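Subject: Structure handover

Hello,

Here is the structure we talked about. Please open it first, then read the notes below.

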Amino acid sequence: MASALAQLDDLQAKATPTQQRQLRLLHAYQQIVTGKYDAAVKEALTVHDEATEVSIKFRAALLVANGAAITRDFSLGLRYLERALELANQVPDREQRHQAYLVASVLYNQYGQFSLAQHYADRLFAQETSPRNRCFAKQLRAEALYGLGTPMGEAEIDSAINDCSTQKEAIAANLLRGYLARQWAAQDKKARAIELLEAHLSEVEATGYPRLIGEINGLLAEYRLSTGDLAGAEDHAHRALAKGGKDAYSLPLVTAHKVLYEAALRRGNLKTALDEYRQYAEADKARLDEVKAREFAFQLSRHELQQKNQAIELLSRQNDVLTLQQEIAKKSALNNRLITLMLLLVLSVGAYWAYKIKRVQMMFRRQAQVDSLTGISNRGHFREQAEAQLARCATSGREAALVLLDLDNFKRINDRYGHATGDWVLKQVAAACQASCREGDLFGRLGGEEFAILTCGGDLHAAERIAQQCRENLAAIDTSSIDYAPAITASFGCATTRLTGHAFENLFMHADRAMYRAKSEGRDRVCTHDDNRPIPLRPHVIA
């Protein structure tokens, strides 16, 4: 492809504007193939805005939708998917229209909008299309129906598998086998499900497709564990981790760590079980965050579309009013006053809906940034703000410090007094630590009982002072209302950019290790990162 594009580039000077835009779009496709997703999306957006040809604008919008889904810019992807679908009926090439329906079904399945995914798969079925497209449409329809809780019948899945096998589409065929295995497992036919998946495992791994490899090995690990085959379950779980992709939010990653945790627990290997449980919890949290982000993007896209339609409707009404004014201008003053009242009414309706939509947008934005229990920044928003503030500190040459704290024996509070009491403690801790922060400090909850404070312009001693103040404030929390005698304590870890640099990952890692050392040395203390002192490693990274 690269050599062909190079030859076309040599002829670019003689090309028409339309041909030049087609060539730029081909370069954007090449960037997608080579993994340069951001550059591809940027170029496709430019081509889309400049193009006057429906076909080019349509293909550019589809490319943006695909690229944005890969880069996890979900709102952008949905907007341009909808633009492509609006143009689909104007595209003369039938194959391109069918490709749009497949892309729509794929992306809506990814966003969890299974009804829409089924709609576009069925829409493709209703038209004459290629056997290869029909195979993909059947696989996407099966995925959508499974997501809706009304799985496809066994005979229909078998037919779809045969169609895809005939077209030598191993990925689609084995994704369908995965849905068939899930149905058998739900009917307590796990041995049959294992036999089906094992029979085609070499074909699955030969595809090299991480999602498929991860899903099939994850299912095998889960079913082997349920039958008591611990060794087989662990083998497939490790395969899912090794070959199933590195996305922190993927379901196979969650399944694999859960299986390894339960297998280690059954073997009595508590250390491995604890390590795998931590990784399982982190992966499950990351996956849930991913699902929420996609749902939020879809809802935001719906609201933006609704706002656009209302704006068009408002403009249409305003045009009607202006026409009416011209016709009634020759009549009496009474009619003129009626026209004025009508215009005010239309403008009031438009202002009311604009206000309502803005409130909804603000509500969704806050839900995406704030921890619902404590009211402080959640993990994703804290990291985003921290990286921006560290970048500013690096530019201005200022030092910054990070304080991490993890409540001591918090699980004991939950187990003994219940989760309602645990939630009360987390709220009190958040309030106590926020009182210790200086103006301009960032404070957030990273998840569970772990919190973080980033202070810019302060050195390691400033971080220690903040940590000690937090420690004192925690000890001062009145727990008499929950009948909890011991003081609330936490283990603190401090690190500074003077030793780690301004990269967030490095600063977090060293603060985390210092906090882990505080745990290992007896809890309820403050430890700092020191390059001259070895610090035990903690099996934990921030996602």
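**Cysteines**

Cysteine 456 counts as buried, at 12% relative accessibility. Please bear in mind that this is a predicted model. The closest cysteine sulfur to that of cysteine 456 belongs to cysteine 393. The gap is 3.1 Å, too far for a bond, because a disulfide needs the sulfur atoms within 2.5 Å. Cysteine 527 is buried too, with a relative accessible area of 5%. Its closest cysteine sulfur is in cysteine 494, at 8.7 Å. That is also too far for a bond.

How many disulfides does the structure hold? One. Cysteine 135 and cysteine 164 form it, with 2.1 Å between their sulfur atoms. The pair links distant parts of the chain, 29 residues apart. Cysteine 135 is in helix H8 (residues 131–148), and cysteine 164 is in helix H9 (residues 154–166). The link is right-handed, with 110° about the S-S bond. Both ends are buried: cysteine 135 has a relative accessible area of 1%, and cysteine 164 is at 0%.

**Hairpin**

Cysteine 456 also falls within strand S3 (residues 450–456). Strand S2 (residues 442–447) pairs with S3 in the antiparallel sense, over five bridges. Arginine 445 stands opposite phenylalanine 451 of S3. S2 is mostly covered, as five of its six residues are buried.

**Aromatic rings**

The count of aromatic pairs is seven. One of them is tyrosine 108 with tyrosine 120, a stacked pair. Their centres are 6.0 Å apart, with 15° between the planes. Tyrosine 108 lies in helix H6 (residues 94–110) and tyrosine 120 in helix H7 (residues 114–125), so the pair ties together parts twelve residues apart in sequence. Together with Tyr101, Tyr108 and Tyr120 form one aromatic cluster.

Two arginines sit over rings. The charged end of arginine 83 is over the ring of tyrosine 80, 4.4 Å from its centre. Arginine 182 lies over the face of tyrosine 146, at 5.4 Å from the ring centre.

**Salt bridges**

There are 27 salt bridges in the structure. Which helices does the bridge between arginine 192 and glutamate 154 tie together? Arginine 192 lies in helix H11 (residues 190–199) and glutamate 154 in helix H9, so parts 38 residues apart in sequence are tied together. The closest N and O atoms of this pair are 3.5 Å apart. Arginine 192 is partly exposed, at 38% relative accessible area. Glutamate 154 is partly exposed as well, at 29%.

Glutamate 205 and lysine 243 form another salt bridge, with the closest N and O atoms 3.4 Å apart. Glutamate 205 is in helix H12 (residues 201–207) and lysine 243 in helix H14 (residues 230–243), so this pair ties together parts 38 residues apart in sequence. Glutamate 205 counts as partly exposed at 21%, and lysine 243 at 41%.

Aspartate 415 and lysine 411 meet at 2.7 Å, N to O. Both lie in helix H19 (residues 410–417), four residues apart, or about one turn of the helix. Aspartate 415 and lysine 411 are both exposed. Elsewhere, salt bridges that share partners join Glu143, Arg182, Arg211 and Glu215 into one network.

Best wishes

Note on methods
Residues are numbered from 1 along each chain as its sequence is written. This is a predicted model: local features need pLDDT of at least 70, side-chain atom pairs count only at pLDDT 80 or more; totals for chains, interfaces and linings use all residues. Side-chain values use heavy atoms; hydrogens and water are left out. Rings of Phe, Tyr and Trp (its six-membered ring) pair if their centres lie within 6.5 Å; planes under 30 degrees apart count as stacked, over 60 as edge-to-face and the rest as tilted. Helices (H or I, at least four residues) and strands (E, at least two) are DSSP runs, numbered from the N terminus. A charge sits over a ring if NZ of Lys or CZ of Arg is within 6 Å of the ring centre and within 35 degrees of the ring normal. Buried means under 20% relative accessible area, exposed over 50%, partly exposed in between (1.4 Å probe, protein chains only). Two strands pair if DSSP finds at least two bridges between them. A salt bridge is a side-chain nitrogen of Lys or Arg within 4 Å of a carboxyl oxygen of Asp or Glu.
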